[in-house]
Amino acid sequence: MQFAVSSRSALIMYNSIRLLTRVPGLLRLVLRRWRTQATAVVSYVGDAGRALQALFPKQRGRLVIGNLLLEQITATGPVRPGTAANLTAGTYAGKLVLNLTLDP
């Protein structure tokens with residue numbers, strides 16, 4: 001993750017996608033290429049509890065939604081054809097959460 005942040009690779013990818021969307025249909029054409037783009041994807045989603053739009057009270061670091069205590073949140077991205085695995089890392093309530101999705 002330190003390399004990804006220091007190399008600004010996410011910013012490069014964001015700007016590339018932004019440029020591709022300026023030409024109608026170009027992003028779709030690039031994404032439909034027949035060759036495999038990646039065999040594995042690693043993502044960091046940060047604190048999963050922050051993704052919720054509403055502010056909820058917390059109890060022992062976990063969100064309290066109504067009368068329910070949210071024990072765990074998991075998040076993962078889709079596995080595209082040709083991608084063998086997707087590893088997603090994040091945090092919730094001060095704990096590391098790892099999710100692995102595999103191509104069947």
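Me: What percentage of the contacts in the protein chain with a separation of 6 or more comes from residues 24 or more positions apart?

Reply: This is a predicted model, in which local features need pLDDT of at least 70 and side-chain atom pairs count only at pLDDT 80 or more, while totals for chains, interfaces and linings use all residues. Residues are numbered from 1 along each chain as its sequence is written, and side-chain values use heavy atoms, with hydrogens and water left out. Contact here means heavy atoms within 4.5 Å. Among the contacts with a separation of 6 or more, the share from residues 24 or more positions apart is 45%.

Me: In what order do the elements of the protein chain run from the N terminus on?

Reply: Helices (H or I, at least four residues) and strands (E, at least two) are DSSP runs numbered from the N terminus. The protein chain has 3 helices and 6 strands. Read from the N terminus, the order is α-α-α-β-β-β-β-β-β.

Me: What percentage of the 104 residues of the protein chain counts as buried?

Reply: Accessible areas come from the Shrake-Rupley method with a 1.4 Å probe, and for residues only the protein chains shown count as cover. The accessible surface of the protein chain is about 8,400 Å², with 61% of it belonging to carbon and sulfur atoms. A residue is buried under 20% relative accessible area, exposed over 50%, and partly exposed in between (1.4 Å probe, protein chains only). Of the 104 residues, the buried share is 15%.

Me: Is R60 buried or exposed?

Reply: R60 lies in the loop between β2 (58-59) and β3 (62-65). R60 is not a glycine, yet has a positive phi of about 55°. Because its relative accessible area is 59%, R60 is classed as exposed.

Me: Where does A93 lie?

Reply: A93 also is not a glycine and has a positive phi of about 55°. With a relative accessibility of 23%, A93 counts as partly exposed. Its place is the loop between β5 (85-92) and β6 (95-102).

Me: Which side chain is joined to that of R62 by a polar contact of 3.2 Å?

Reply: R62 is in strand β3 and is buried, with a relative accessible area of 14%. Not counting residues up to four places away in sequence, R62 touches P57, L69, L70, E71, Y92, A93 and K95. A polar contact is a pair of N or O atoms within 3.5 Å; within protein, one must be able to donate a hydrogen and the other to accept it, and residues adjacent in sequence count only if both atoms are side-chain atoms. The partner of the R62 side chain in the polar contact of 3.2 Å is E71.

Me: How much space lies in the largest cavity?

Reply: On a 1 Å grid over the protein atoms alone, a cavity is a set of points where a 1.4 Å probe fits but cannot get out, and a pocket is an open set with protein on both sides within 12 Å along at least five of seven lines; lining residues have an atom within 4 Å of a point. Grid points are joined across faces, edges and corners, and a volume is the space filled by probe spheres set on the points. A search of the whole structure finds 1 cavity of 30 Å³ or more. The space in the largest cavity is about 40 Å³.

Me: Which strand gives the most to the lining of the largest cavity?

Reply: The lining consists of V45, A48, I73, T74, A75, T88, G90, T91, V97 and N99. These residues divide into 5 nonpolar, 5 polar and no charged, where Ala, Val, Leu, Ile, Met, Phe, Trp, Tyr, Cys and Pro count as nonpolar, Asp, Glu, Lys and Arg as charged, and the others, Gly among them, as polar. At least two lining residues come from each of β5 and β6. With 3 residues, the strand that gives the most is β5.

Me: Is N99 buried or exposed?

Reply: N99 is found in strand β6 and is one of the residues lining the largest cavity. Beyond its neighbours within four places in sequence, N99 is in contact with T74, A75, T76, N86, L87 and T88. Because its relative accessibility is 16%, N99 counts as buried.

Me: What distance separates the C-alpha atoms of L102 and P78?

Reply: L102 is found in strand β6 and, at 55% relative accessibility, counts as exposed. Apart from residues up to four places away in sequence, L102 touches A84 and A85. L102 and P78 are 24 residues apart along the chain, and their C-alpha atoms are separated by 9.5 Å.
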